[in-house]
Amino acid sequence: MRKFPRWRVFYLFVLICFGIFSALGDGLNLWNPSVFGGGTGVSAAPSYPTAAGAKHNQFYENSLTPSEWIQLVHLKKAQQLGNFGKGETIALFETNGYFSMPSYLSFCKSFASTDPSLLYPNQIDVWTDGKLLHLNRSSQIIRPNAETLLDTEWAHVVAPKARLLIVDIHQSGIQHPLTLSTMQSLFKKLHVTVVSSSIEQGLQPLMTHNPLLQERTFGSRQVLQWIASHYPFFQASGDQPGHVSETVFAPQMVIVGASQFVHHTWQVAPWEGAGPAVWTAFASSLQREAAKHPFLYRQTPDVVWFGGNPGVILSDSRGFLGGVEGTSLATPTFAALFALADAAHVENTGRHLPKNANALLYHLALQDPHAFSSISVKNTAFKDARWRPGQGLGNPNPDTFVLDLSKWNDSTFSQRSPLHLSLWPFYLGLAAMLLLFAYWIRLVVSGSLALDRLSHLYPQVQRKLALYFLSGSAILPLLLFAERYILLITSLQLSGSQFQRIILFSIILFIVTILISFLFLQWYKVYRTILMASESIAQKGEQKR
């Protein structure tokens with residue numbers, strides 16, 4: 001029988017490499033308060049207190065009006081540079097198409113005395129129930145929805161001359177599928193230039209995993225990837241854990257978190273979704289360069305903007321509400337700010353800004369540190385970085401942001417950052433896994449061929465050996481695959497300093513390695529028995545001849 005020299009050492013080495021370089025890599029990425037591309041574990045806004053409750057709790061009095069908000073974020077100059085969004089069309093993805101034009105106009109008229117730009121005429125369209133509706137001044141699509149009105153009213157505050165398209169993705173499901181061809185036709189017809197999705201739970205509920213529906217329903221990777229590839233796409237990080245786990249796979253998409261203004265200082269909203277997109281998307285080289293940290297997985301959010309305390313005023317069928325917060329406020333206003341920059345760029349160059357908004361913003365932050373304002377953090381590891389946990393690149397400085405992008409030179413957009421050497425352990429682990437898989441296939445194939453030779457002489461023995469061999473061949477790879485999940489769950493339960501967690505994790509990894517190695521040894525004994533019996537039959541055949 002041909003022997004496999006040092007097979008035990010080889011197998012243990014490969015297994016340990018796979019465990020340390022991949023599972024430990026996951027553990028190091030997860031040893032922070034968040035998991036799966038968003039989530040601090042705290043549920044919060046958006047909140048919509050009733051008019052009576054808002055006044056009783058002084059939410060209404062303290063909430064920001066459009067003119068107060070514009071003054072707080074220093075937006076006026078940016079609006080002038082971007083001609084108030086003239087020529088832009090912003091698509092707003094919503095969970096329904098409920099919209100009240102009277103409530104929207106009431107919002108505009110109420111604050112036009114202090115901010116006359118709100119009275120600029122702009123067209124609002126709604127795609128719902130498989131139809132495109134062009135709204136007039138009296139249009140009201142039953143049950144006005146605060147989420148939809150929040151997006152349209154405050155996107156209008158930022159870019160008053162921009163056209164707004166409400167895309168009802170809830171009604172775009174099975175009954176009225178918003179197919180890729182329909183989406184392409186709709187966006188082309190209305191000349192969409194920027195896309196925003198501030199849905200409270202991201203797009204996760206609409207991401208179908210049924211392969212029969214992948215090409216039909218909105219939320220399929222094909223549709224989302226097409227949007228992110230052809231339009232600047234801004235997605236809310238969500239106000240609860242895990243909201244962007246199904247959307248971060250699109251590297252062009254910008255994940256928008258929320259900041260708030262408390263005690264005259266900017267702070268990160270404590271409830272925003274933030275964290276690594278574990279097993280979902282790798283960090284880009286630009287994000288690693290901006291963070292000065294060798295992230296393995298993509299980190300969210302990419303940017304933040306005002307979406308928290310003290311909240312803003314909203315108008316819907318219940319009247320005026322106060323204290324409205326959420327990343328569902330930050331995302332459409334940030335998309336509208338980008339629309340101002342795009343309008344300014346078109347005016348200066350005759351071309352729209354690059355479609356890859358994510359790479360564009362990271363390039364901008366790396367080239368001009370004044371385009372974004374970082375919020376102070378206690379984590380000294382990111383003290384000199386452009387990207388910081390929980391806030392990404394930070395709050396945009398609207399006038400600098402729009403001015404820089406209005407003069408953006410596309411020729412500088414092809415720059416790429418080199419691969420960080422700290423990522424090589426992951427690739428070594430991946431290579432070890434592939435090597436192990438090839439070695440395993442070799443054993444299974446040779447054992448199966450040898451097992452087939454025993455069927456004529458030892459039928460009972462052959463059936464017993466076949467049961468052990470084939471069951472082990474199927475179960476052991478599953479156990480090896482489950483190893484990473486076991487280690488992942490274990491890493492989330494560990495506490496103490498990072499040094500203590502690494503020690504504990506290494507001990508657990510050693511125990512798991514011993515267990516799987518023991519099971520492999522039992523299977524390998526069956527494998528060697530089959531080979532020895534097969535060779536014995538071959539030798540007897542030679543002797544007879």
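Visitor: Where is Arg298 found?

Guide: In this predicted model, Arg298 is found in the loop between H10 and S12.

Visitor: Why is Arg298 called buried?

Guide: The relative accessible area of Arg298 is 4%. Buried means under 20%, so Arg298 is called buried.

Visitor: What makes Arg298 and Asp302 a salt bridge?

Guide: The closest N and O atoms of Arg298 and Asp302 are 2.9 Å apart. A salt bridge requires a side-chain nitrogen of Lys or Arg within 4 Å of a carboxyl oxygen of Asp or Glu, and therefore this pair is counted. In general, side chains of opposite charge can pair when their charged atoms come close. Both Arg298 and Asp302 are buried.

Visitor: Which backbone oxygen lies 2.5 Å from a polar atom of the side chain of Arg298?

Guide: That oxygen belongs to Met253.

Visitor: How many salt bridges does the count come to?

Guide: The count comes to two salt bridges. One of them joins the side chains of Asp125 and Arg163, at 2.8 Å from N to O.

Visitor: Why is it said that the pair of Asp125 and Arg163 ties together parts that are apart in sequence?

Guide: Asp125 lies in strand S3 (residues 124-128), whereas Arg163 lies in strand S6 (residues 163-168), so the pair ties together parts that are 38 residues apart in sequence.

Visitor: Are Asp125 and Arg163 buried or partly exposed?

Guide: The relative accessible area of Asp125 is 0%, so Asp125 is buried. Arg163 has 24% relative accessibility. That value falls between the limits of 20% and 50%, and therefore Arg163 counts as partly exposed.

Visitor: What makes the pair of Phe261 and Trp266 edge-to-face?

Guide: The count of aromatic pairs comes to 24. In the pair of Phe261 and Trp266, the ring centres are 5.2 Å apart and the planes stand at 65°. Rings pair if their centres lie within 6.5 Å, and planes over 60 degrees apart count as edge-to-face, so the name applies here. Phe261 counts as partly exposed because its relative accessibility is 23%, and Trp266 counts as partly exposed because its relative accessibility is 27%.

Visitor: How do you know that the side chains of Ser229 and Gln252 make a polar contact?

Guide: The distance given for this contact between the two side chains is 3.3 Å. The limit for a pair of N or O atoms is 3.5 Å, so the contact of Ser229 with Gln252 meets the distance limit. Ser229 has its place in helix H9 (residues 221-230). The relative accessible area of Ser229 is 29%, so Ser229 is partly exposed.

Visitor: How far apart in space and in sequence are Ser229 and Lys355?

Guide: Ser229 and Lys355 are 6.7 Å apart in space, C-alpha to C-alpha, and 126 residues apart in sequence. Ser229 also touches Lys355, as well as Gln252, not counting residues up to four places away in sequence.

Visitor: What makes phi worth noting in His191?

Guide: Phi of His191 is near 55°, a positive value in a residue other than glycine. Most residues other than glycine have a negative phi, and most peptide bonds are trans. His191 is found in the loop between helix H8 (180-190) and strand S7 (194-197). The relative accessibility of His191 is 57%, and exposed means over 50%, so His191 counts as exposed.

Visitor: Which other residue has a positive phi although it is not a glycine?

Guide: Phe84 has a positive phi of about 55°. Phe84 lies in the loop between helix H5 (76-81) and strand S1 (89-94). With a relative accessible area of 12%, which is under 20%, Phe84 is therefore buried.

Visitor: Which peptide bond is cis?

Guide: The bond that joins Thr300 and Pro301 is cis, with omega about 0°. Pro301 lies in the loop between S12 and strand S13 (303-306).

Conventions
Residues are numbered from 1 along each chain as its sequence is written. This is a predicted model: local features need pLDDT of at least 70, side-chain atom pairs count only at pLDDT 80 or more; totals for chains, interfaces and linings use all residues. Side-chain values use heavy atoms; hydrogens and water are left out. Rings of Phe, Tyr and Trp (its six-membered ring) pair if their centres lie within 6.5 Å; planes under 30 degrees apart count as stacked, over 60 as edge-to-face and the rest as tilted. Buried means under 20% relative accessible area, exposed over 50%, partly exposed in between (1.4 Å probe, protein chains only). Helices (H or I, at least four residues) and strands (E, at least two) are DSSP runs, numbered from the N terminus. Contact means heavy atoms within 4.5 Å. A polar contact is a pair of N or O atoms within 3.5 Å; within protein, one must be able to donate a hydrogen and the other to accept it, and residues adjacent in sequence count only if both atoms are side-chain atoms.
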